[in-house]
Amino acid sequence: MKPAAFDYYRPGTVEDALAALGTSETAKVLAGGQSLIPAMNFRLSQPDLLVDIGGVGGLDRLEVGPSGVTIGASVTQSRVMASDEVAIAVPGLRRALRHVAHLQIRNRGTVCGSLAHADPAAELPALAVACGATLFLQGTAGRRTVDAGDFFLGPFWTDLAEGEIITGVHFPSEAADTVTVLDELAWRSGDFAITGLAAALTTRDGTVSGARLVSFGVGGAPRRMAGAEQAVLGFALGDDSSALYGAAYEDGFDAVDDIHASAEYRREALGALAVRSVRAVLASNGNGTGV
Amino acid sequence: MMDTNPGLREVDVSVSINGTQVSHRVPARLLLSDFIRDVVGLTGTHVGCEHGYCGACTVIVDGDAIRSCSTLAAQIDGSAIRTVEDLATDGELTPMQQAFHENHAMQCGFCTAGFLMTLESVDPDGYQEKEQVIDLLSGNLCRCTGYHNIFNAVCSTWGVDS
């Protein structure tokens, strides 16, 4: 299939991009296009105007500072993954990006585009929630920031208002006692996850002292796993894992049945991933080496 | 404020393709894969799934392997494209193409151009473990060979212990 006809606009500034978006109710922002163009090829999406932000000045910035990593809206996943500075400040980004699609797609696909698309099985939204990332949004009415934990509302549904765009996202520097990991089950390396888990785990003296656990590919949006986050506190490497497994299983209460896996399978997988991720971090002596 | 849609239904695309500069006015909706095949006339790039899954349409844009079916020609205006036609010189195969030949790393051949362009785009130094080669190959589908011969061709070319 080919996309239905549309008008194409490549602005040089965010202001021009926003003004163009305001001229059409079906306009879409085009960044890497790795979700949007396939959807347009299927004619699932038929915008009458594409606003290509690939040429917007400033959105290509990838900045690493003391507070963390700021990723502009046109920065590709490959560029983030290749940066050693990023991998030192926020190691979870490279770990997660390994699971995102394939090389050829990461070469065009953007981090912010994945967040805006909000596929329920995508890795980066869950990672953003686990890391406590902040999104920078801009509309004709002005700018605002949103915590990743408040941004993802449902399948392909976010807090982004009509005519608003994501200009960037900030991932805070990983604390010295915290390791962020992402693990998933997929039928093929690089495919969307059947079930996935992003985890930011803080350890002290070989036990878990703090946790942000986020499921994805289970229900309609990435979600904090309240039960497992409690159950994992005090967990040590050799501990019996049944309570953690059971809590993670219960956290998957809204798992969906589909052609890829049953809801029951997803819940069991979520339990197994929680145990596997926590053990992997503890086995690395809490510093993430080799995770 | 803009009152009317500033977009264009047709766009001018000027690119270098295999070292030759080309310029065409094309529909904005034209996919890069169709630009290469139907406008420029280079049919070595194959179109399989047209939704970014199979990798048959992989080409190299400014050094990076990408899916040409999931990219608009309009997006890559000003870039340098390489396709499978750029690999052999005067009929002499590249070492990887030769290894594909010797290992019979294809049956129907539909996916071959995509594999070759993915492999051409990377530095082999980053793929010296067989798991890294397997992960790299996972972005291209082959429905005939079961991948073994392709894997063997890559490992023999790059000196990876398979």
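The radius of gyration here is taken over C-alpha atoms, and the globule rule I compare it with is 2.2 Å times the number of residues to the power 0.38.

**Entry: ground rules.** This is a predicted model: local features need pLDDT of at least 70, side-chain atom pairs count only at pLDDT 80 or more, and totals for chains, interfaces and linings use all residues. Residues are numbered from 1 along each chain as its sequence is written, while chains are lettered from A and ligands numbered from 1 in the order in which they are written.

**Entry: chain A overall.** I started with the radius of gyration. For 291 residues a compact globule would come out near 19 Å, and chain A has 19 Å, which agrees. Along the principal axes, the C-alpha atoms of chain A fill a box of roughly 60 × 45 × 35 Å. I found twelve helices and 14 strands in chain A; helices (H or I, at least four residues) and strands (E, at least two) are DSSP runs, numbered from the N terminus.

Next I looked up burial. A residue is buried if 20 or more other C-beta atoms lie within 10 Å of its own, exposed if 12 or fewer, and partly exposed in between, with C-beta atoms placed from the backbone. Of the 291 residues in chain A, 53% are buried.

Then contacts: two residues are in contact if their C-beta atoms, placed from the backbone, lie within 7 Å. Taking contacts in chain A between residues at least 6 apart in sequence, I get 62% that join residues at least 24 apart.

**Entry: the four-strand sheet of chain A.** Two strands pair if DSSP finds at least two bridges between them. By that rule, chain A has an open sheet of four strands in the order 11-12-13-14, with antiparallel pairing. Strand 11 (178–185) and strand 14 (223–224) of chain A are at the edges with a single partner strand each, so one side of each has no neighbour in the sheet. I followed strand 11 of chain A to strand 12 (195–204) of chain A: eight bridges join them, antiparallel. Leu182(A) faces Ala198(A) in strand 12 of chain A.

Entry: In helix 11 (242–251) of chain A, the buried residues are Leu244(A), Ala247(A), Ala248(A), Tyr249(A) and Asp251(A). What do the buried residues of helix 11 of chain A pack against? I found strand 13 (207–216), helix 10 (226–231) and helix 12 (263–283) of chain A.

Strand 7 (142–147) of chain A is another story: of its six residues the number buried is zero, so strand 7 lies largely in the open. Six bridges join it, antiparallel, to strand 6 (134–139) of chain A. These two strands of chain A form a hairpin with two residues between them, and Gly139(A) stands opposite Gly142(A).

**Entry: where the chains meet.** I see 31 residues of chain A in contact with 32 residues of chain B. On the chain A side, strand 1 (7–9), helix 1 (14–21), helix 2 (36–41), strand 3 (49–52) and helix 6 (103–106) each supply at least two residues. That side divides into 14 nonpolar, twelve polar and five charged residues. For these classes, Ala, Val, Leu, Ile, Met, Phe, Trp, Tyr, Cys and Pro count as nonpolar, Asp, Glu, Lys and Arg as charged, and the others, Gly among them, as polar.

**Entry: domains of chain B.** The domain assignment gives chain B domain 1 (10–85) and domain 2 (95–158); such bounds come from an automatic or database assignment. Their centres, over C-alpha atoms, are 22 Å apart. The contact takes 15 residues from domain 1 of chain B and twelve from domain 2 of chain B. On the domain 1 side, strand 3 (58–61) and strand 4 (64–67) of chain B each give at least two residues, and strand 3 of chain B gives the most, with three.

Entry: Strand 1 (10–17) and strand 2 (20–27) of chain B pair antiparallel over eight bridges. They make a hairpin with two residues between them, and Asn18(B) in the turn has a positive phi of about 55°. In strand 2 of chain B I picked His24(B). His24(B) is partly exposed, with 15 other C-beta atoms within 10 Å, and touches Val13(B) and Val39(B), not counting residues up to four places away in sequence.

Last, helix 5 (148–158) of chain B: its buried residues are Ile150(B), Ala153(B) and Val154(B). They cover an arc of only 95° around the axis, which puts them on the same side of helix 5 of chain B; the arc is that of the directions from the helix axis to the C-beta atoms. The buried residues of this helix pack against helix 2 (95–103), helix 3 (112–121) and helix 4 (130–137) of chain B.
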